[in-house]
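The sequence and structure are shown first.

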Amino acid sequence: MKNFIVTPAPHAHSGDSVRKNMLLVIIALLPAYVVSVIEFGWGALITAAISVAACVLTEWLISRYLLKEQRQTIGDFSAVLTGLLLAFNLPSNIDWWIVVVGAIVAIGVGKMTFGGLGQNPFNPALVGRVFLLISFPVQMTTWPLPKGFATSYLDAETGATPLYYLKHMVKTGDLSVMNQLPELRDAFFGVMGGSLGEVCALALIFGGLLLIITRVITWHIPVSIIATVALFAWIGTPEGMESGQYVAYELLSGGLMLGAFFMATDFVTSPMTAWGKIIFGVGIGFIMMVIRTWGAYPEGMSFAILIMNACVPLLNKLRPQRFGEKKK
Amino acid sequence: MKTFHIGGVHPRDNKQFSAHQPIVECPLPKQAIIPLVQHIGAPAQAVVEVGAKVKVGELLAKAGGFVSANICSPVSGTVIKIGDWTDAWGAPGQAIFIDVEGDEWLPEIDRTPDLARQCTLEPKAIIDKIAAAGIVGLGGACFPTHVKLLPPPGKKAEVLIVNGVECEPYLTCDHQLMLEHGEEIMIGIKILMKALGVQRAIIGIENNKKDAIEHMQKLAQSNLGIEVLPLRLKYPQGGEKQLIDACIGRQVPSGALPIEVGAVVDNVATIFAIYEAVQKNKPLISRVMTVTGRHVAKPGNYLVRFGTPIEEVIAQAGGVPADTGKIIGGGPMMGRAMDHVENMPANKRLSGLLFLPEAESVRKEEENCIRCGKCVQACPMGLEPYLLSRLSELEMWEELEKHDIMDCIDCGCCVFTCPAHRRLLDGIRPGKAKVGAILRERAAAAAAEKK
């Protein structure tokens, strides 16, 4: 009498895996990364390489020697993704050891202390970034100008980002710096100063759409963030400036597109249900605009996402629409 | 094209192995094993004794309660034993063992293939005939059909929904039945419409069976009130509540029966059985089973008398493939893996046998939940599988009840879709059983207090 394998149903699987999802996000980030390398040259290559290597190594060391896990999780590529996202959020000319510190904080504090993948309440890459922003404010807010491989890694020519000028205009009503803003077209294609991976809206939107089409993420979070920011900017347009133009600058500068498509949509730290995701996105857009408009920092995307990350357990109390609840 | 509105997944349908294979009759066994539980509800009670000679169609066991079903003899011969028997999943029960002698049928059964179109019976008589024939839902749930046809007081059926969806991957028995016995099914539908007093019937068929849709549409043209509705492919469309939603856009509320929204659902195989019982006096003694799998020599659709050991059915299909790791009774989404094939008969509950190669039989190792929410998106009942599974592990019964665990239909969409290969249902099933027991206790206590 032959005995066969017995397991409970179902006996079929979609073939989806954690690794596949992580790889798809990494692939979706590549167009933006290519633009970054073209804009920032060696700095983009070096910073990303260090960040990814440091994140993977940190996870492996902690898992192997501190937690003494039997099975190592670096093969799921989530640490690679965190490393890449951390690098995307750093100026490309930042000192290599600062990147390493950021990576250790991101993976060590942001992820592994909570029990590894799936357990962390906050987006690890942003934990690392905000730690660096508070610890090394000067280095973290000195952005190289986009000069391609003409930029040397460490002593690059630096300059203010569009967000600095926008804030100046909103706060003081002084529109004389308006000519310092990049052309809208340049902002769209990424020819402007900023963190390594955030400059090219076009490439980021392209990557984001790829994620939506492949069903890695849903539309709810990016759309609600972008819509909220656009609405806020429309209402809060400084006097003397055209609304459409101001909205476009707010949408295309800083970490908005990167944050909306790639950081806020992190599986682990975003809500489960459609309505939860929409409220989450609206919250991020609103908090970010409050910081951009009145806060001490020119950019508020990281803080906005982290604050809303903290609300996720609460947002998960929102139920999905149950079958049979619909009115007849 | 219509479909249901919440959740659902798209497994590969894998019907190509046995699709369009003509129905082949399986030879009679030497000995038949007739389990007394082949339906949901109370076990049937044997009315024959050891040594009795029985004919095909004779009553062997009568319904053991309101929700129960008769069992009629699928073979002729001598009853040699009535006693303990264990099914292929290890569940103990009772069965009647019959040594088969010849193939002698009760005289009133019409065995000719001629169509019997006229039905002059009153609704009550139709339902009585269905009950006598021991007909249960052949789509999988095995709920006694006559019970469904007696709506509770104050409720009225408006529409009969005919389930020709066959959403389980691999299975093709209903598809083939529609192609070969469409006319009988049409007559069966009209009989049911009469029994229910409804003017409208909708046959829901998924779009991966285009020939069945066309065939049934052609037949429906000459039948007033019967329409064929092609449905967009999505699992679990054959679930009763999902099918009603897809066909008439009404959602049966939590805990309620389809009659709440005026619908009665029956599977095409059940309706074929109703035709045979009412028009041909033939009780439910056989069904079409799909025997299939990637490496099965002769995958196909077999007409099998109940009681036939499945080993003999498997032999018809060319035997157990060498690399088989798992044998599933039913389809891959909701079917149950069998430990062994010995001493297991074909019966009302078994819609098919699926042989999975070893490589597809082992579940992948679980990883951490990444909270992606894909299980929530996939759940056709709008539940939160990740949460139910966790709450079950923590034995938080009250929370489980609040989160509507009793609405779970066991369809497997959450496990199917989970990228971390979490075995969510392994947690949810025991939780559902426990909460169900608590609810029953509470209801009993409330009833006792009333007294």
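Into which domains is chain A divided? In this predicted model, chain A consists of domain 1 (18–140) and domain 2, the latter assigned as 157–194 + 204–315. Taken over C-alpha atoms, the centres of domain 1 of chain A and domain 2 of chain A are separated by 21 Å. Where the two meet, 21 residues of domain 1 of chain A are in contact with 23 residues of domain 2 of chain A.

On the side of domain 1 of chain A that touches domain 2 of chain A, two or more residues each are given by α1 (18–40), α3 (78–88) and α5 (124–135) of chain A. Of these elements, α1(A) supplies the largest share of that side, with 9 residues.

For chain B, the domain assignment gives domain 1 (15–19 + 110–280) and domain 2 (374–450). The C-alpha centres of domain 1 of chain B and domain 2 of chain B are 29 Å apart. Their contact takes 6 residues from domain 1 of chain B and 7 residues from domain 2 of chain B.

The contact between the chains involves 35 residues from chain A and 51 residues from chain B.

| Side | Nonpolar | Polar | Charged |
|---|---|---|---|
| Domain 1 of chain B, touching domain 2 of chain B | 2 residues | 4 residues | no residues |

Key
Residues numbered from 1 in each chain as written. Chains lettered and ligands numbered in written order. Predicted model: local features only at pLDDT ≥ 70, side-chain atom pairs only at ≥ 80, totals over all residues. Domains from an automatic or database assignment. Nonpolar A, V, L, I, M, F, W, Y, C, P; charged D, E, K, R; others polar. Helix = DSSP H or I, 4+ residues; strand = E, 2+ residues; numbered from the N terminus.
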